[in-house]
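Visitor: Hi! Could you walk me through this one?
Guide: Happy to, let me bring it up.
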Amino acid sequence: MHEVGLCEGVLGVVLEASGGRPVRRVRVRVGTLLRVWPESFDQAWRLVGEATPAEDAAVELDEVPARIRCRSCRHEAEPEDLPLCPRCGSSHVDVLAGDELVVEEVELEGGAVLRNPALDGSRPKEE
Ligand SMILES: [Zn+2]
């Protein structure tokens with residue numbers, strides 16, 4: 001269950017942002033190429049978050065579709081899971097989106113919402 005490793009990274013960011021205050025909700029942007037299962041992520045969260053201020057937090061995953069550009073034929077595509085060019089089959093592709101794992105929001109008990117300042121204005125357009 002590779003979600004445990006991912007959760008540890010996310011939890012570190014969340015705990016730093018919350019500064020020890022109880023966390024009610026966490027919103028995480030996750031690329032589909034990471035192949036994260038929401039149920040597994042939730043289980044992993046209970047595991048790694050135990051006895052921390054974030055142990056009861058609800059985790060929301062905001063899935064970002066994969067987007068690649070082929071280096072061979074320059075085709076751009078949104079592959080389901082593997083970063084392969086659907087036109088020519090090449091694996092020499094640049095991943096434009098879909099491999100990220102970013103904490104978007106942390107909501108504290110009491111309702112204060114902390115937004116990740118690095119994300120302001122950088123949200124990829126959804127089509
Ligand atoms: Zn191609």
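This is a predicted model: local features need pLDDT of at least 70, side-chain atom pairs count only at pLDDT 80 or more; totals for chains, interfaces and linings use all residues.

Visitor: Great. Which residues coordinate the zinc ion?
Guide: Four cysteines do, each through its SG atom: C70, C73, C85 and C88, at 2.3 to 2.4 Å.

Visitor: And what is the arrangement of the four donor atoms?
Guide: Tetrahedral, because the angles they subtend at the zinc ion run from 104 to 120°. For reference, the ideal angle for four tetrahedral donors is 109.5 degrees.

Visitor: How are the donor residues spaced in sequence?
Guide: The pattern is C-x2-C-x11-C-x2-C. Within it, C70 and C85 link distant parts of the chain, 15 residues apart. C70 lies in strand β3 (residues 67-70), while C85 is in the loop between β4 (76-77) and β5 (93-97).

Visitor: Is C70 buried or exposed?
Guide: C70 is buried, because its relative accessibility is 0%. C85 is buried as well, with a relative accessible area of 3%, whereas C73 is partly exposed at 25%.

Visitor: How many disulfides are there?
Guide: The count is zero.

Visitor: OK, switching to packing. Which residues have the most contacts inside the largest nonpolar core?
Guide: V10, V14, V23, V26, F41 and W45, in a core of 20 residues. The elements giving two or more residues to that core are α1 (3-18), β1 (23-31), α2 (38-48) and β6 (101-108). The largest share, five residues, comes from α1.

Visitor: What does V14 touch, leaving aside its neighbours within four places in sequence?
Guide: V14 is in contact with V23, V26, W45, A54, V103 and V106.

Visitor: Now α2. Which of its residues are buried?
Guide: S40, F41, A44, W45 and V48 are buried there. They sit on the same side of α2, because they cover an arc of only 140° around the axis. As a general point, an α-helix has 3.6 residues a turn, so residues three or four places apart point the same way.

Visitor: And which residues are exposed on the other side of α2?
Guide: E39 and Q43 are exposed there.

Visitor: Last one: what do the buried residues of α2 pack against?
Guide: They pack against α1, β1 and β2 (58-64).

Definitions and conventions: Residues are numbered from 1 along each chain as its sequence is written. Side-chain values use heavy atoms; hydrogens and water are left out. Donors are N, O and S atoms within 2.8 Å of the metal (3.2 Å for Na, K and Ca); water is not among the atoms, so sites may look incomplete. Four donors count as tetrahedral if all angles lie between 85 and 135 degrees; four count as square planar and six as octahedral if opposite donors are over 155 degrees apart and all others between 65 and 115; anything else is irregular. Helices (H or I, at least four residues) and strands (E, at least two) are DSSP runs, numbered from the N terminus. Buried means under 20% relative accessible area, exposed over 50%, partly exposed in between (1.4 Å probe, protein chains only). A disulfide is a pair of cysteine sulfur atoms within 2.5 Å. A nonpolar core is a set of buried Ala, Val, Leu, Ile, Met, Phe, Trp, Tyr and Cys residues joined through side-chain atoms within 4.5 Å. Contact means heavy atoms within 4.5 Å. The arc is that of the directions from the helix axis to the C-beta atoms.
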